[in-house]
Amino acid sequence: MAEKQHYMTLDGKAKIENELNELKTVRRKEVVENIKIARDFGDLSENAEYDAAKEEQAMVEGRIAQLEEMLRNAVIIQDDGADNSMVAIGKTVTFFIQEDNENETYTIVGGAEADPFTGKISNESPIAKALLGRTVGDVVNVQTPGGDMVVEIKEIK
């Protein structure tokens, strides 16, 4: 089975690389030191500090593995701005929500960079999935966990 591709911009890739470097060079050493200190507290079977340090180590190592997998399977989004005729990953889309009588604008990015509060939604979100491949003027029914909504694509850039 092929590994999942992770779409990201160059900025997003740099952020992931920085986080990975921080985890490997700083956090990993801190966790090892915490485990050494906790061992000195005595009986490991009843040592809450040791258990917490080992749990923290597992979380750090899990995040390192996750970030390495994301970088290994990264697909860089490069928007040259040439083709704004169709909604695609890396494009900014403005659409009119009929039920709310308002416009919303989002940039469609990979899951690693998604941040709806700054206007970036994942290509795997219900809204993005419904809009991908569509063009200006298309009216789209979007199925969301909160219920269906009808949107009209107003602009792609």
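Colleague: Let's start with E104. Which residues does E104 touch, not counting those up to four places away in sequence?

Modeller: E104 touches V93, T94, F95 and I97, with residues up to four places away in sequence not counted. Keep in mind that this is a predicted model.

Colleague: Okay, and where does E104 lie?

Modeller: E104 is in strand 4, which covers residues 102–109.

Colleague: What does the side chain of E104 make a polar contact with?

Modeller: With the side chain of Y106, at 2.7 Å.

Colleague: How does E104 count for accessibility: buried, exposed or partly exposed?

Modeller: Partly exposed, because its relative accessibility is 21% and buried means under 20%.

Colleague: What separates the C-alpha atoms of E104 and K154?

Modeller: They are 9.7 Å apart, while along the chain E104 and K154 are separated by 50 residues.

Colleague: Remind me, what do strands of a sheet pair through?

Modeller: Backbone hydrogen bonds, and the pairing is either parallel or antiparallel.

Colleague: So are strand 4 and strand 5 parallel or antiparallel?

Modeller: Strand 4 and strand 5 pair in the parallel sense, over three bridges. In that region I108 stands opposite I121, which is in strand 5.

Colleague: And strand 6 with strand 7, parallel or antiparallel?

Modeller: Antiparallel, over six bridges.

Colleague: Which residue does Q143 stand opposite in strand 7?

Modeller: That would be D148.

Colleague: Is N101 buried or exposed?

Modeller: N101 counts as exposed, because its relative accessibility is 58% and the cut-off for exposed is over 50%.

Colleague: New topic, charges. How many salt bridges does the structure hold?

Modeller: Nine. One of them joins the side chains of E124 and K4, at 3.0 Å from N to O.

Colleague: Which parts of the chain does that pair link?

Modeller: Distant ones: E124 is in the loop between strand 5 (120–122) and helix 3 (126–131), whereas K4 is in the segment before strand 1 (6–8), and the two are 120 residues apart. E124 is partly exposed, at a relative accessible area of 39%, and K4 is partly exposed too, at 44%.

Colleague: What about E19, which residue does E19 form a salt bridge with?

Modeller: E19 bridges to R63, and their closest N and O atoms are 2.8 Å apart. E19 lies in helix 1 (residues 10–39) and R63 in helix 2 (residues 48–72), so the pair ties together parts 44 residues apart in sequence. For E19 the relative accessibility is 30%, so E19 counts as partly exposed. R63 is partly exposed as well, at 28%.

Colleague: And K24, which residue is its salt-bridge partner?

Modeller: K24 goes with E68, the closest N and O atoms being 2.7 Å apart. This pair also links distant parts of the chain, with K24 in helix 1 and E68 in helix 2, 44 residues apart. Both count as partly exposed, K24 at 34% relative accessibility and E68 at 30%.

Colleague: Which residues are linked in a network of salt bridges?

Modeller: R27, E30 and E56.

Colleague: Last one, H6. Is H6 buried or exposed?

Modeller: H6 counts as buried, because its relative accessibility is 14% and buried means under 20%. H6 lies in strand 1.

Colleague: Which side chain does H6 make a polar contact with?

Modeller: The side chain of E69, at 2.9 Å. Leaving aside its neighbours within four places in sequence, H6 is in contact with E69, M70, N73, A74 and V75.

Methods:
Residues are numbered from 1 along each chain as its sequence is written. This is a predicted model: local features need pLDDT of at least 70, side-chain atom pairs count only at pLDDT 80 or more; totals for chains, interfaces and linings use all residues. Side-chain values use heavy atoms; hydrogens and water are left out. A salt bridge is a side-chain nitrogen of Lys or Arg within 4 Å of a carboxyl oxygen of Asp or Glu. Helices (H or I, at least four residues) and strands (E, at least two) are DSSP runs, numbered from the N terminus. Buried means under 20% relative accessible area, exposed over 50%, partly exposed in between (1.4 Å probe, protein chains only). Two strands pair if DSSP finds at least two bridges between them. Contact means heavy atoms within 4.5 Å. A polar contact is a pair of N or O atoms within 3.5 Å; within protein, one must be able to donate a hydrogen and the other to accept it, and residues adjacent in sequence count only if both atoms are side-chain atoms.
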